[in-house]
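My notes follow in the order I looked things up.

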Amino acid sequence: MSTAFCFDLDGTVTTTELLPCIASELDIADEIATLTRLTMDGHIPFADSMRLRCLILGQVSLSRVHEIVDSITLEPLIVEFINERFADCAIVTGNLDIWLRPLMSRLKCRWVCSAASIDNGRLRLNHILDKGVALRAMRAEGGYGRYVAIGDGANDVPMFTEADIGIGYGAVHSPVPATVAASTLLVNSPEALCKLLRVL
């Protein structure tokens with residue numbers, strides 16, 4: 001059976017959260033990290049939180065955001081798996097396409113993201129991704145008999161609900177309770193995750 005692998009980005013493929021790193025430019029990394037954690041835990045709806053975080057972080061120039069994002073460390077074992085099987089892998093993230101371009105060049109797979117543009121020098125949020133809707137759309141395109149979703153946050157739950165297998169991944173953050181409840185399997189290291197993915 002052909003299998004598609006759908007990866008969350010922050011704390012799954014990356015070894016840290018992107019938005020607090022960008023927020024460090026404004027000296028509000030702790031505040032954005034707290035907002036990110038409350039969102040991951042499901043206390044604040046993702047769309048509302050994303051609008052607020054983008055309003056704040058839109059003050060950082062796009063060129064500087066790209067420098068910061070390009071410095072983000074990716075988990076090498078997961079990168080190796082994705083780039084070996086790039087045709088069968090996708091990054092499914094609520095982060096913005098225009099912010100993520102430096103990472104897109106480091107991972108050969110498909111990217112499904114929230115969308116934004118720069119309008120008169122200001123960040124304009126065009127679309128906030130619902131991961132469940134994204135996975136349904138991918139399934140409707142056909143080509144795969146099975147979908148595996150990997151993530152750790154509350155906004156991954158809709159993706160897990162649509163997937164055939166949901167893997168709660170805890171190497172960077174412990175998966176939140178809602179994600180644990182929606183998971184088929186739980187793993188806590190990149191070695192265990194990649195070993196599991198290779199036998200699915």
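**Aromatic rings and overall fold**

I began with Phe5, which counts as buried because its relative accessibility is 3%, under the 20% cut-off. The model I am reading is predicted.

I then counted aromatic pairs and got three. In one of them, the rings of Phe5 and Phe81 have centres 5.2 Å apart and planes at 90 degrees, so I noted the pair as edge-to-face. Phe5 belongs to strand 1 (residues 3-7) and Phe81 to helix 5 (residues 76-84), so this pair ties together parts 76 residues apart in sequence. Phe81 is buried too, at a relative accessible area of 0%.

Next I looked up Tyr144 and Tyr147, which also form an edge-to-face pair, 6.1 Å centre to centre with 70 degrees between the planes. Tyr147 is buried at 1%, whereas Tyr144 is partly exposed at 26% relative accessibility.

I checked for clusters and found Phe5, Phe7 and Phe81 in one aromatic cluster.

The C-alpha trace spans about 50 × 30 × 30 Å along its principal axes.

How much of the chain is buried? I noted 50% of the 200 residues. Among contacts with a separation of 6 or more, 60% join residues 24 or more positions apart.

Last, I looked at charge: the mean positions of the 17 positive and 24 negative charges are 5 Å apart.

Terms used. Residues numbered from 1 in each chain as written. Predicted model: local features only at pLDDT ≥ 70, side-chain atom pairs only at ≥ 80, totals over all residues. Heavy atoms only, no water. Buried < 20%, exposed > 50% of the residue type's maximum accessible area, 1.4 Å probe, protein only. Contact = heavy atoms within 4.5 Å. Lys, Arg positive; Asp, Glu negative; His and termini not counted. Charge placed at Lys NZ, Arg CZ, Asp CG, Glu CD. Phe/Tyr/Trp six-rings, centres within 6.5 Å; stacked < 30°, edge-to-face > 60°. Helix = DSSP H or I, 4+ residues; strand = E, 2+ residues; numbered from the N terminus.
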